[in-house]
Amino acid sequence: MESTWVNQAIDKIEADFQRSADTHLIKLDIPCLTSVDIYLKDESTHPTGSLKHRLARSLFLYGLCNGWINQDTPIIESSSGSTAVSEAYFARLLGLPFIAVMPKTTAKRKIEQIEFYGGRCHFVDHSCQIYAESQRLADELSGHYMDQFTYAERATDWRGNNNIANSIFEQMQREPFPIPTWIVMSPGTGGTSATIGRYIRYQRETTKLCAVDPENSVFFDYYHSRDPKLTCENGSKIEGIGRPRVEPSFIPGVVDHMVKIEDAASIATIYWLEQLIGRKAGPSTGTNLYGALQLATQMQDANQQGSIVTLLCDGGERYLDTYYDAQWVEHNIGDISQYQQKLTEFNQTGRLD
């Protein structure tokens with residue numbers, strides 16, 4: 001009976017995948033960039049509205065195939081929101097109870113979405129507490145702790161199988177510069193950057209991977225020092241990316257270049273992007289895009305032509321009471337006017353100085 005249920009669970013997830021179309025690749029209309037094209041892979045169009053839909057599907061299949069998830073197994077996850085929303089969706093699909101362990105500061109809209117899919121939110125005071133509390137709950141309830149931060153890099157088939165990297169390269173085939181010069185990604189677990197970086201190497205592409213890290217995250221320092229014991233006291237203010245410790249799924253060896261992006265720059269960029277495409281995007285998209293604009297500036301200065309692909313990780317509707325609220329931004333992020341001015345000047349010059 002147990003194997004029958006697992007087979008049926010895998011069938012349900014695979015059927016859900018077959019009902020889902022691929023996500024769009026949006027070419028940005030930026031007249032000041034005369035030799036560099038920038039694209040956004042729009043992951044907000046997944047059924048649960050974010051890049052993490054891919055990860056959640058992979059983690060459930062990984063758990064099922066490893067014998068960790070069976071009928072009535074409670075699913076527990078450490079998540080600041082988007083992964084938990086997507087995992088709650090798949091847990092409901094399989095009829096399993098789901099608990100998300102998250103900081104109290106998580107956006108209200110994400111909490112509502114988790115609860116919409118039947119999940120329960122369990123709050124902690126600081127992001128560094130989510131790991132131990134998730135394991136404690138899993139032990140107490142005889143459940144399975146998904147542990148996205150450990151298993152993200154190994155649950156996804158990075159060789160192909162329509163993963164996000166495979167999709168990007170196929171969608172770029174008819175563009176003026178079909179092989180991207182850069183792909184830009186901000187790590188949260190590190191799973192997506194691992195998938196993209198490994199795929200690039202496996203396919204022997206010339207594309208380079210740039211990872212962009214927000215403030216209050218150790219990934220940038222770890223990339224340069226390779227010290228796995230690094231920690232930082234405060235958690236990232238850019239929800240969904242950056243971590244206070246080195247996560248097992250972040251693989252620095254697949255990253256070609258890494259930069260630190262100030263939080264004020266990330267938020268200014270999502271406002272700039274809204275004026276460009278008429279849509280709101282989440283804060284991690286701002287981190288990604290600001291890094292892409294920096295690279296575009298460098299390419300133009302070097303008289304280099306090419307393309308840059310980055311990710312629109314989720315929509316901004318989840319953040320109306322935070323990153324799109326001026327008072328909240330002033331209190332939690334600070335003055336963003338300096339970067340708004342830089343982006344205004346960029347529109348005229350094509351330079352992000």
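Mentor: Before we start, one definition: two strands pair if DSSP finds at least two bridges between them. Also keep in mind that this is a predicted model.

Trainee: How does the chain get from β8 to β9?

Mentor: It passes through helix α9, residues 219–225, and that β-α-β crossover is right-handed.

Trainee: Which residues sit opposite each other there? Say, what does Val212 face in β9?

Mentor: Val212 has Val259 as its bridge partner. Next along, Asp213 is opposite Lys260 of β9.

Trainee: And what's on the other side of β8? Which strand does β7 join, and how?

Mentor: β7, residues 182–185, is joined to β8 by four bridges, and those two run parallel. Look for Val184 there: its opposite number in β8 is Cys210.

Trainee: Is β8 mostly covered or mostly open?

Mentor: Mostly covered, with five of its six residues buried.

Trainee: Let's zoom out. What order do the strands of the sheet come in?

Mentor: The order is β1-β2-β10-β7-β8-β9, six strands in an open sheet with mixed pairing. β1 (24–27) and β9 are the edge strands, each pairing on one side only. On average, neighbouring strands are turned by 25° against each other, ignoring direction.

Trainee: Which strands does helix α11 lie across?

Mentor: α11, residues 283–301, lies across β2 (36–42), β7, β8, β9 and β10 (306–312). Its direction is at about 170° to β10.

Trainee: Switching topic: how do α3 and α4 pack?

Mentor: Their axes are 8 Å apart, at an angle of about 10°. Angles under 35 degrees count as roughly parallel, so α3 and α4 are roughly parallel to each other. For reference, α3 is residues 82–94 and α4 is residues 108–116.

Trainee: Which residues make that contact?

Mentor: From α3 you have Ser82, Ala84, Val85, Ala88 and Arg92, and from α4 Lys110, Gln113, Ile114 and Phe116. By type, that's five nonpolar, two polar and two charged.

Trainee: Last one, Gly119. Where does it lie?

Mentor: In the loop between α4 and β5 (120–124).

Trainee: Buried or exposed?

Mentor: Buried means under 20% relative accessible area, and Gly119 is at 10% relative accessibility, so it counts as buried. Leaving out residues up to four places away in sequence, Gly119 touches Phe98 and Ile114.

Trainee: And how far is Gly119 from Gln341?

Mentor: Their C-alpha atoms are separated by 42 Å, and the two residues are 222 residues apart along the chain.

Definitions and conventions
Residues numbered from 1 in each chain as written. Predicted model: local features only at pLDDT ≥ 70, side-chain atom pairs only at ≥ 80, totals over all residues. Heavy atoms only, no water. Right-handed = clockwise from strand over helix to strand, strands pointing away. Buried < 20%, exposed > 50% of the residue type's maximum accessible area, 1.4 Å probe, protein only. Axes fitted to C-alpha atoms, helices over the stretch in contact; angles between N-to-C directions. Parallel < 35°, antiparallel > 145°, perpendicular 65-115°, else oblique. Contact = heavy atoms within 4.5 Å. Nonpolar A, V, L, I, M, F, W, Y, C, P; charged D, E, K, R; others polar.
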